Amino acid sequence: MRLILNVLWFVFGSGLLLGIAYGIAALICFALIVTIPFGIASLRLAVYSLWPFGRTVVSRPGAGVASGVGNVIWVVVAGWWLALTHITAGIAQCVTIIGIPFGIANFKLVPVAFWPLGREIVDLG
């Protein structure tokens, strides 16, 4: 079931477009050199946004103040427009009954897009 949902998400649920958006954010972060850790986080989120079903995001217990400061910088550099992309895609998908599960998946990705550091992606199985 996860494979079917992930394939449908990739094609119809904006998985490809969101993966590209995260890839662009990663390239911007890599170009600025100081923000390379954010680029790595963005690539991690790109893979997660391509295939979100069957995985979840959990808080990392060892994340400290540096993650909080990094998240504030992330919001300024890329987080706000990536979160806005998820919100827009989620609203557009919730217009149809078939798109509601994909819209909900987009809404679940908003906090991760906005505040990604100090979290990790784990498999549900």
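Predicted model: local features only at pLDDT ≥ 70, side-chain atom pairs only at ≥ 80, totals over all residues.
Let's begin on the inside. In soluble globular proteins, nonpolar side chains tend to be buried together. Here, the largest nonpolar core has 16 residues. Tyr22, Phe38, Trp74, Ala78, Leu82 and Ala113 are the ones with the most contacts inside that core. To see how the parts meet, pick out Ala113 in your viewer. Leaving aside neighbours within four places in sequence, Ala113 is in contact with Tyr22, Trp74, Gly79, Leu82, Ala83 and His86.

There is also a second, separate core, this one of 7 residues, including Trp9, Phe53, Phe102 and Leu109. Some of these names will come back when we turn to the rings.

A search of the whole structure finds 5 aromatic pairs. A pair of aromatic rings is described by the distance of the centres and the angle of the planes. Take Phe10 and Trp51: their ring centres are 5.6 Å apart and their planes lie at 5 degrees, under the 30 degrees cut-off, so this pair counts as stacked. Phe10 sits in helix α1 (residues 2-12), whereas Trp51 belongs to the loop between α3 (36-50) and β1, so their pairing ties together parts that are 41 residues apart in sequence. Phe10 counts as partly exposed because its relative accessibility is 28%, and Trp51 is partly exposed too, at 33%.

Now compare Phe53 and Phe102. Their pair is edge-to-face, with 6.3 Å from centre to centre and 70 degrees between the planes. Phe53 is in the loop between α3 and β1 and Phe102 is in helix α5, so this pair ties together parts that are 49 residues apart in sequence. Both Phe53 and Phe102 are buried. Ring pairs also link Trp9, Phe53 and Phe102 into a cluster.

Finally, where is the open space? The largest pocket holds about 260 Å³ of space. Of its 15 lining residues, Tyr48, Pro52, Phe53, Arg55 and Lys108 are the closest to the centre, and Phe53 is a residue we have already met in the second core. Which elements give two or more residues to the lining of the largest pocket? They are β1 (55-59) and α5 (100-114), and α5 gives the most, with 6 residues. Sorted by class, the lining has 10 nonpolar, 2 polar and 3 charged residues.

Terms used: Residues numbered from 1 in each chain as written. Heavy atoms only, no water. 1 Å grid on protein atoms, 1.4 Å probe; cavity = no way out; pocket = protein on both sides within 12 Å on 5 of 7 lines; lining within 4 Å. Points joined across faces, edges and corners; volume = space filled by probe spheres on them. Helix = DSSP H or I, 4+ residues; strand = E, 2+ residues; numbered from the N terminus. Nonpolar A, V, L, I, M, F, W, Y, C, P; charged D, E, K, R; others polar. Phe/Tyr/Trp six-rings, centres within 6.5 Å; stacked < 30°, edge-to-face > 60°. Buried < 20%, exposed > 50% of the residue type's maximum accessible area, 1.4 Å probe, protein only. Core = buried A, V, L, I, M, F, W, Y, C linked by side-chain atoms within 4.5 Å. Contact = heavy atoms within 4.5 Å.
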